[in-house]
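Thank you all for coming.

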Amino acid sequence: MATLKTPEKLRDLQRALYLCAKKEPKFRAYALYDKVYRRDVLEHAFALARANRGAPGPDGKTFEEIDAGGAAAMLEELREELKTKKYRPGAVRRVYIPKLNGGERPLGIPNIRDRVVQTAAKLLLEPLFEADFEEDSYGFRPKKNAHQALEAIGQALNDGMRWVIDADVTAYFDSIPHDRLMKTVAERVVDAAMLALVKMFLEAPVVDERDGGKPRRRRQGTPQGGVISPLLANIYLHLLDRNFRRHVESGRLHGRLIRYADDFVLLSPGNPGAAMKWVDGFMQRLGLQLHPAKTRVLSVGEEDFDFLGHRIRWDRGRMYLDASPRAKGRIREEVRRITWQVDLSLQQLVYQLNSYIRGARTYFCKIRRTTLKALDFFVEQRVARWSARKHARRFPDWSVVGSVVLHRQHGLELLNLPRARRPPASRRAT
């Protein structure tokens with residue numbers, strides 16, 4: 001979610017909800033729904049949705065069209081529908097994103113007006129459940145990120161937890177049972193209208209052009225792409241986190257479960273056979289399944305493993321990070337896509353590449369510099385090939401790259417940034 005300053009009244013409300021839930025484990029909110037259609041909540045929700053941009057839903061309406069027709073009018077209409085309980089979410093447009101392994105990842109794109117309502121509901125629900133979530137849950141949470149999850153793995157390895165369950169949940173977002181998820185939400189929410197709103201989000205029909213474009217209602221799952229889906233996914237898998245912690249505290253299991261959304265690893269000081277059996281059985285109780293071919297038990301001294309796009313290696317008492325082979329492939333594929341556009345000018349090409357490079361560099365800031373250097377060389381190769389195609393030349397146009405031309409003259413950024421020079425010792429002392 002985009003970062004915008006939260007209005008003071010809304011921030012105070014969120015803080016009050018969080019503190020009540022944190023102080024009282026059995027606290028249940030009974031008056032949330034009337035806050036969803038508060039003007040300041042809806043206005044902030046719309047600002048967040050607009051900052052995140054995104055493609056239009058099944059109704060085809062864009063943010064530009066909404067702004068042209070008057071966003072205030074749309075928000076007032078939503079407010080009235082919610083207040084009178086006449087609001088019904090529209091269908092969700094299903095699209096498919098290619099995966100490097102040959103499969104596809106389905107994404108659900110709601111209409112913008114529904115994104116606004118989902119965001120408003122999330123602003124109120126999130127503080128309640130943040131009070132419950134475990135410390136080692138890092139995905140889609142405020143002030144939590146993938147780098148912290150990787151650091152937690154390093155801490156666990158340093159603490160002697162050298163056995164790893166590398167888990168993969170089969171089609172998690174599409175498999176969450178609605179009835180069990182709603183019971184989990186009801187552990188903190190007793191407001192019937194709010195629960196009904198969440199249930200409507202879950203049951204919104206899906207429009208899939210591959211399925212004839214006819215709206216179909218789902219009986220399970222929460223679509224990736226929906227604003228509230230990551231929170232709901234975290235709420236449901238919190239049951240795994242919570243119960244594992246209780247088993248560790250009682251001494252029945254040992255180790256540390258580190259989770260980022262539906263990706264998790266369980267690190268243990270000894271062979272985690274008992275933990276593996278428990279996790280597999282508990283996931284079945286949740287109506288979920290571990291992927292039999294992608295879930296494995298390993299010893300980090302003997303094998304590497306991948307987590308959040310990083311390959312993790314333990315050698316001589318230290319953790320080393322690299323980009324996983326699939327992550328490297330994704331980077332190369334995106335660079336190929338950008339450099340295939342021969343209608344761009346060199347300035348436009350560099351602008352698009354820089355936008356992608358900055359994001360990849362930030363995410364993979366702790367991997368091997370030799371990998372970053374190799375990826376930089378790959379980018380230069382692709383630009384040379386792009387120039388050759390653009391000017392109908394047979395061979396890569398290395399003149400556009402040169403020794404420093406591409407980076408110094410045209411401003412192409414590097415993945416492998418030079419290390420900052422340390423000042424001399426005499427200057428550091430002053």
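This is a predicted model: local features need pLDDT of at least 70, side-chain atom pairs count only at pLDDT 80 or more; totals for chains, interfaces and linings use all residues.

Let me begin with the largest cavity, which has a volume of about 90 Å³. By cavity I mean, on a 1 Å grid over the protein atoms alone, a set of points where a 1.4 Å probe fits but cannot get out, and a residue counts as lining when it has an atom within 4 Å of a point. The grid points are joined across faces, edges and corners, and the volume is the space filled by probe spheres set on the points.

Residues are numbered from 1 along each chain as its sequence is written, and side-chain values use heavy atoms, with hydrogens and water left out.

Which helices each supply at least two residues of that lining? They are helix 6 (112–130), helix 10 (192–203) and helix 11 (229–250), where helices are DSSP runs of H or I with at least four residues, numbered from the N terminus.

Now to the charged side chains. The structure holds 31 salt bridges, a salt bridge being a side-chain nitrogen of Lys or Arg within 4 Å of a carboxyl oxygen of Asp or Glu. One of them joins arginine 50 to aspartate 67, at 2.8 Å from N to O. Arginine 50 lies in helix 3 (residues 39–52) and aspartate 67 in helix 4 (residues 63–69), so this pair ties together parts that are 17 residues apart in sequence. Arginine 50 is partly exposed at 31% relative accessible area, and aspartate 67 is partly exposed at 37%; buried means under 20%, exposed over 50%, and partly exposed in between, with a 1.4 Å probe and protein chains only.

Another salt bridge pairs arginine 361 with glutamate 413, whose closest N and O atoms are 3.0 Å apart. Because arginine 361 lies in helix 14 (residues 346–363) and glutamate 413 in the loop between helix 16 (405–409) and helix 17 (425–429), the pair ties together parts that are 52 residues apart in sequence. Arginine 361 is buried, at 17%, whereas glutamate 413 is partly exposed, at 22%.

Terms used
On a 1 Å grid over the protein atoms alone, a cavity is a set of points where a 1.4 Å probe fits but cannot get out, and a pocket is an open set with protein on both sides within 12 Å along at least five of seven lines; lining residues have an atom within 4 Å of a point.
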